Amino acid sequence: MQIMDDLRPKTIADASGDVLEIGFGTGRNLKHYGDDVRSIHGLDPLVTEGVRKVDERIERAGFPVERVALSANGQLLRVDVAGRVPRQRPAPDLEPVSRRCLKN
Ligand SMILES: C[S@@+](CC[C@H](N)C(=O)[O-])C[C@H]1O[C@@H](n2cnc3c(N)ncnc32)[C@H](O)[C@@H]1O
């Protein structure tokens, strides 16, 4: 969508450090992140593991990118390579972020 493409560079230019991108979608913002970004957690209910274009965008990013899904109870969980959210693999290190997001 053109209006979003026009907004991406300016919106994303200020991001730095460890970034939580809410509404990660297909990773179209990735190429706009600058050198100050250390890592991305891409939060989206969409499961895109195995979608070639998205996997390629992530591979091309110059920093680690992890896709996370929001479960029905609001806990952040990692998605495995097959796009499933395994019950046995919660992401405790993301819980403080999850709690902050749910409060706001
Ligand atoms: C307009 S798309 C933008 C996708 C991507 N950021 C981009 O710029 O191309 C909005 C995204 O938000 C996601 N989304 C919708 N509700 C959400 C929610 N409650 N939490 C996280 N992501 C959500 C959708 O699945 C969709 O991928």
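Colleague: So helices are DSSP runs of H or I with at least four residues, and strands are runs of E with at least two, both numbered from the N terminus. What pattern does the chain follow, read along the sequence?

Modeller: This is a predicted model, and in it the chain follows the order α-β-β-α-β-β-α along the sequence, which comes to 3 helices and 4 strands.

Colleague: How much of the chain is buried?

Modeller: Of the 104 residues in the chain, 16% are buried.

Colleague: And which residues make up the largest nonpolar core?

Modeller: That core has 6 residues, namely Leu30, Tyr33, Ile40, Val54, Ile58 and Val65. As a general point, nonpolar side chains in soluble globular proteins tend to be buried together.

Colleague: Take Val65, then: what does it touch, leaving out residues up to four places away in sequence?

Modeller: Val65 touches Leu30, Ile40 and Ile58, and also Gly42.

Colleague: Switching to the ligand, which residues come nearest?

Modeller: There are 13 residues around the ligand, and those that come nearest are Gly23, Gly25, Arg28, Asp44 and Leu46. The shell as a whole divides into 7 nonpolar, 4 polar and 2 charged residues.

Colleague: Where does Gly23 lie, and is it buried or exposed?

Modeller: Gly23 lies in the loop that runs between β1 (17–22) and β2 (37–43). Gly23 is exposed because 10 other C-beta atoms lie within 10 Å, and a residue counts as exposed at 12 or fewer.

Colleague: What separates the C-alpha atoms of Gly23 and Asp44?

Modeller: Although Gly23 and Asp44 are 21 residues apart along the chain, their C-alpha atoms are separated by 5.0 Å.

Conventions. Residues are numbered from 1 along each chain as its sequence is written. This is a predicted model: local features need pLDDT of at least 70, side-chain atom pairs count only at pLDDT 80 or more; totals for chains, interfaces and linings use all residues. A nonpolar core is a set of buried Ala, Val, Leu, Ile, Met, Phe, Trp, Tyr and Cys residues joined through C-beta atoms within 7 Å. A residue is buried if 20 or more other C-beta atoms lie within 10 Å of its own, exposed if 12 or fewer, and partly exposed in between; C-beta atoms are placed from the backbone. Two residues are in contact if their C-beta atoms, placed from the backbone, lie within 7 Å. A residue is near a molecule or strand if its C-beta atom, placed from the backbone, lies within 6 Å of it. Ala, Val, Leu, Ile, Met, Phe, Trp, Tyr, Cys and Pro count as nonpolar, Asp, Glu, Lys and Arg as charged, and the others, Gly among them, as polar.
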